[in-house]
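User: I'm new to reading protein models. Could you walk me through this one, feature by feature?

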Amino acid sequence: MASSTKLLIFSALSLLQLLQFSAAQAAVNGGYWFPESGLAASNINSSLFTHLFCAFADLDPSTYQVTVSSSHTAAFSQFTATVQSKNPSVKTILSIGGGSSNATTFSSMASQPSSRQSFINSSIKLARSYGFSGLDMDWEYPQSTTDMTNLGTLLSEWRQAIAADAQSLRKAALLLSGAFYFSPYLDDYMTYPTQSINANMDWVNVMAYDFYDPSWYGFTNSHSMLYDPSDDVSGSYGIGDWIEAGVSANKLALGLPFYGYAWRLANANNHGVLAPATGPAGPDNGAMDYNQIKSFISQNKATVVYNSTIVTNYCYSGTTWIGYDDTQSISKKVSYAKQTGLLGYFVWQVGGDSNWILSKQAKQSWGA
């Protein structure tokens, strides 16, 4: 065969691989899991999810290779087989980074072609060796406009490498997702590279939570409200920003937190949203998993309220006020995601659920 003909065939195959990921992606009913959550991977009800994210792989600050700590190797290497034993069709994704990772290391990695290549090649090799269906980046957060530019370049190179890997192995291309800020506008001067994101990623997990916490503000509030008539910090506002900035709705998954925050009320008799508060009620800045919140409600006979205006639940007992998502707000958020044409939703994190109450509600609200 003439070399020119071979080149044409190779180019055509490469193009097919590059375009393959942009075909209609199946809906995402996703959930993150991490070993320290208190929930063994073998106990995940994987029938309630289409995608499960195994969190987190690390980024080596010297080699810029993606690694898994020795304490997590067994769990990560067996994760796919473990969750697929209950749901053979669930896709597993290796998530890299996380909130406790070093943003500066990600910045350094993304700044040079050689370090980007080290990151990309090692991530693909690790995902393939552990049987994952995809890769997920959780860089919290890019720190400059240069970081954002480099992120766009990284995603383009990552996509090309994923396509080449799929072609060489004659296998389906790995999925590529990312957990990003609730809005593409990280602040007044930093914007995510939305053109590269839309062109190179299968979808974005929009972290529509952590808007408020007890250490920041002297009043109670929902950390994950869907709507806010008086401000631009809400899940729906962020989704609107992403779409307006050029990322297709069907490449967005809405984040659902399976945790809340406990605030200490300044006055036990003033217990609504925006009630004066004096800080967190409890350790970990007041953070509580949903299962802990359910126990608190039961043990303290707390009053439970659903606020349909902003779409949030909260409860209170004495001077403790907890904002969180329960079945009402989860149902409304998932319905919003489907009606808005989003790809789906994801939860952080599956170990926070209580007898799979929220996961079942989310799955039911999404429907077929």
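This is a predicted model: local features need pLDDT of at least 70, side-chain atom pairs count only at pLDDT 80 or more; totals for chains, interfaces and linings use all residues.

User: What is the general idea behind a core?

Analyst: In soluble globular proteins, nonpolar side chains tend to be buried together. Here, take Trp 158: leaving aside neighbours within four places in sequence, its contacts include Ile 96, Phe 119, Ile 120, Leu 135 and Leu 176. Ser 123 is also one of the residues in contact with Trp 158.

User: Is Ser 234 buried or exposed?

Analyst: Ser 234 counts as buried because its relative accessibility is 2%, and buried means under 20%. You'll find Ser 234 in the loop between strand E7 (203–207) and H7. A polar atom of its side chain lies 3.5 Å from the backbone oxygen of Leu 226. Not counting residues up to four places away in sequence, Ser 234 touches residues including Phe 182, Phe 211 and Tyr 227.

User: And how do I read the largest pocket? Which residues lie nearest its centre?

Analyst: Rolling a probe the size of a water molecule over the atoms shows where empty space is left. In this model, the largest pocket holds about 1100 Å³ of space. Its lining has 43 residues, with Glu 140, Tyr 209, Asp 210, Tyr 259 and Tyr 261 nearest the centre. Elements giving two or more residues to that lining include helix H7 (235–244) and strand E11 (287–289), and E11 gives the most, with 3 residues.

User: How many of the lining residues are nonpolar, polar and charged?

Analyst: The lining of the largest pocket has 24 nonpolar, 9 polar and 10 charged residues.

Note on methods. Residues are numbered from 1 along each chain as its sequence is written. Side-chain values use heavy atoms; hydrogens and water are left out. On a 1 Å grid over the protein atoms alone, a cavity is a set of points where a 1.4 Å probe fits but cannot get out, and a pocket is an open set with protein on both sides within 12 Å along at least five of seven lines; lining residues have an atom within 4 Å of a point. Grid points are joined across faces, edges and corners, and a volume is the space filled by probe spheres set on the points. Helices (H or I, at least four residues) and strands (E, at least two) are DSSP runs, numbered from the N terminus. Ala, Val, Leu, Ile, Met, Phe, Trp, Tyr, Cys and Pro count as nonpolar, Asp, Glu, Lys and Arg as charged, and the others, Gly among them, as polar. Buried means under 20% relative accessible area, exposed over 50%, partly exposed in between (1.4 Å probe, protein chains only). A polar contact is a pair of N or O atoms within 3.5 Å; within protein, one must be able to donate a hydrogen and the other to accept it, and residues adjacent in sequence count only if both atoms are side-chain atoms. Contact means heavy atoms within 4.5 Å.
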